[in-house]
Each structure stands twice: as C-alpha cells, then as structure tokens.
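User: I have a structure to go through. Can we take it step by step?
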Amino acid sequence: MKKILFLAVSYPPYMTDGSSRAFRMASRLPGYGWQPVVVAPPLFVKTGGEDALAESMKEPGPVRVYRSGEAVALGGVDECTLAAFARGERIVQGGRLSGMLPSIFRDAHPCALWEKQAAVVAAEVMKENPDIEAIYAQGPPSAPIRLGLELSLRHGVPVIFDLTAPLDAPRPWSRLGDLRSDELFKLEQKVLCSGYGVITPTRALKEHFLRKHFGKVSHDDITIIADCGPLVPAAAPPSLSAHSRPLFIIERADEKGAKAFIQALAAVMKECPGGAAFSGATIVDASGDMVPKMLRKAGVEGDLTLSCTASEEEELQLVRTASAVGVVSGSHESFGLWLPDRLIDAVFIGKPVFAVAPEGVATRFAEDAGGLHASPGNPAAIRDMLCSLSGVIGGSPAPTPSSELFARHSEREVLSEMVKAIALLLPV
C-alpha cells in the first residue's frame, strides 16, 4: 500500500474548517490503495472526560495519526466553552483579570501548538517512513501549506494542496490568527503556481481563485474534488417520532444575522399557522455565546433547546433525529463560497434542508436538494422560508435530491478523483 503524509491542523476532534473533509478522505483512502500518515493537532480533554475522549478517538483502520503535542487540559469548562474550543476559538480562563489581560492568560490554541511542533513531528514521520510518496497539505490556516512546501523541497516528495477557502479571507467567525493578508495572498499565489496539484471542494472556489489570480493560474491548475457524505450514511431515512423537531445550526453568524434569524423564528412560532412545529426545536450555537441572550429577548427561551456540540459525532446524532436541518450563517460575502458539512450530511441521511446564507454554494446546494434558502439580511424572507418549512416537517418524507447531487458527493466519485489527482503528481 502506498503512503501519503497528511498535514492537517483541522483534524478531529476539532471542528474547524476542513476537519470533516480531511478525516473522511484519510479514513477512506486505504480502500483505494493509499495509507495516510497524519500529523494532527493535540487532543483536548476536560476534567473527568479523558476516558470518554479516548474512546471517541479510536483511529479508523490503517490510518496512522501522530499528534503534534500532549493533550491540552482545559479543566472543568462547560460544554459550550468546550464546543467553542473545538471550533477554533481561544478560551480565556482565570477569572476577571484574565479577561482584562487575555494576551497573558490566554490558553495556547492547538493551531499554534501544531505550528510550533508539526515540523519536528513531520521530520520524524518522514524518517520512519522513507517510502512516503506524496504529501497532502490542507489550508487555511497557512501552517500546513508552508510546511508542505518545505518538506517537498527537502525530500523531493510532491504535494497536493487542498484549499478549502481563500488563505487571506477575513475570518470574522473565528479569532484565530494567521499571517498578514499580503503574505497570505503571496503564499496562495505561490501554491497555485507551484506546478503541484491543487484541489478545492467547489466550483465557486475554483472560479474565485481564477479571477483573483487572473493571468497567473489556468483552469488545469485546480481540480474540484467535492466533500464526501458521512462515513456511515443511513440506508434509508430514520423513522421520525412524534417528538422529532427541526435542528438549526447557527454557524459563522454575526450578531446582526443571528438576531434576525431568532426574531424571525420567534415571529413564526407565534404567528404562522404551522409555527408550533418549531416548539422544542434544537439550536446548535456554533457562533459563540450570543444566542442565549437573543432567545431570552425574543421570549422563546423556554420553547427551544440550546445545544453546544464539541464533536462531529454529536452533531451527526442530532441530524439523524431531526425532522429538518438548517444552517444559519452571517452575510459576509466570503460565506457565499462555503458549503457547510452538516448540509451535506443531512441530505445523505435523508432530511429536508435549508440555508440562511448569502447567495452562493450553500443556497444552490439547498435548492438542488429540494430544500429552501433565504438571505441573512432579509428578515421577511426568513419568515416566509420558515413558514414554508413548517409545512414539510410533520413527518412527511424529505424532497428527493437530484441523482447528480448524490453522485458528486458520493465516496466513489470523490475518492476516485482524489486518487487520480495524487497519481498525476507521481513520476512515471
């Protein structure tokens, strides 16, 4: 079996951009003749949670994972703080003073630990595995991309760069830092013009890179390889109980966007004929701690269940039992290039879906899946969408997505394209 080195800051148990993508590709590649050797970030543990975490992190099959440091101990944090950390947020501990002086008391984030230690770990991995034939480097952030370039130069091993978003895009949903914007722009162009393979998950991202680096990059320089569905998709939609309710995942939403959605939801619950279908709905707050206060102000705090999920499996379990699944983002223009992982999962599991997002990849995906969408900046459109949604979540079957949509995100299609892209890098 051929070996490929995976450089991935975004790797479970983290839920940062690209974590599902890197994990699912690595997990499936052994079935296509490649053994991934992964340089991943440290695990994290909270007090009393070590055994449960160790049990949840059993690595799949022949995938070999090397962690870039000891597990990060977070102490007795609450579930929402744990979930925020899993999504790439720094957390502040130590009381009032630490909040005033976060640069002194702030915990080191695993991305920073990865960048500090990954080069040493990768050097040991390359020494132990001199038969590694290719490198997979995923960004953003930029650290794996830079390390991939360095290792390629040192060992003469080709790299396939996986750009899941523009390297220099503003990241208003996360305080996690990176290089300066001009440095990231230059690095992105260097990667695209490197002559190595560059893959990206959507056509919209490919077109973005071609426009941004016009005259420097051609269509043949970038290959579109979509994200896969879940590792164990349901053979048929699970039967819903009378208590099944919608699942709303508020992710990357700014305060204005989250507020508009919560107010629209509250209005629908009170005024729409089918609004009672949303009573008891679950909201996953993946945008910080602003949602609880908004629920109280909207007067629906007791009518909805607020959940903070610190692992992909926790969210997938909520998706499996939901009557419909939607992702609510902010209005930042870069979100038009983003396709949320849970939307793909929900379609594969057989759920009705919707997206509150800027016109772009997520809204087109929802439409192709027979679902609904609305703009984050249009409260009236959100209300109309939710009223329409209330008519299709009473246990009725989900709309049937196009066969093309399923094919594009199927394991066979995705992994065949991935293996082909790696093969093109190798010397004849």
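User: How many disulfides does a search of the whole structure find?
Analyst: The search finds 1 disulfide, counting a pair of cysteine sulfur atoms within 2.5 Å. This is a predicted model, where local features need pLDDT of at least 70, side-chain atom pairs count only at pLDDT 80 or more, and totals for chains, interfaces and linings use all residues. Residues are numbered from 1 along each chain as its sequence is written, and side-chain values use heavy atoms, leaving out hydrogens and water.
User: Which residues does the disulfide join?
Analyst: C80 and C308, with an S to S distance of 1.8 Å. They are 228 residues apart: C80 is in helix α3 (residues 79-86), C308 in the loop between β12 and α12. Helices (H or I, at least four residues) and strands (E, at least two) are DSSP runs, numbered from the N terminus.
User: Why is the disulfide right-handed?
Analyst: The torsion about its S-S bond is about 70°, so the disulfide of C80 and C308 is right-handed.
User: Is C308 buried or exposed?
Analyst: C308 is buried, at 11% relative accessibility. C80 is partly exposed, at 39%. Buried means under 20% relative accessible area, exposed over 50%, and partly exposed in between (1.4 Å probe, protein chains only).
User: New topic. What is the strand order in the open sheet?
Analyst: The 6 strands run β12-β11-β10-β13-β14-β15, with parallel pairing; strands pair if DSSP finds at least two bridges between them. β12 and β15 each have a single partner strand, so one side of each lacks a neighbour in the sheet.
User: What is the mean pLDDT?
Analyst: The mean is 85, on a scale of the predictor's confidence in each residue from 0 to 100.
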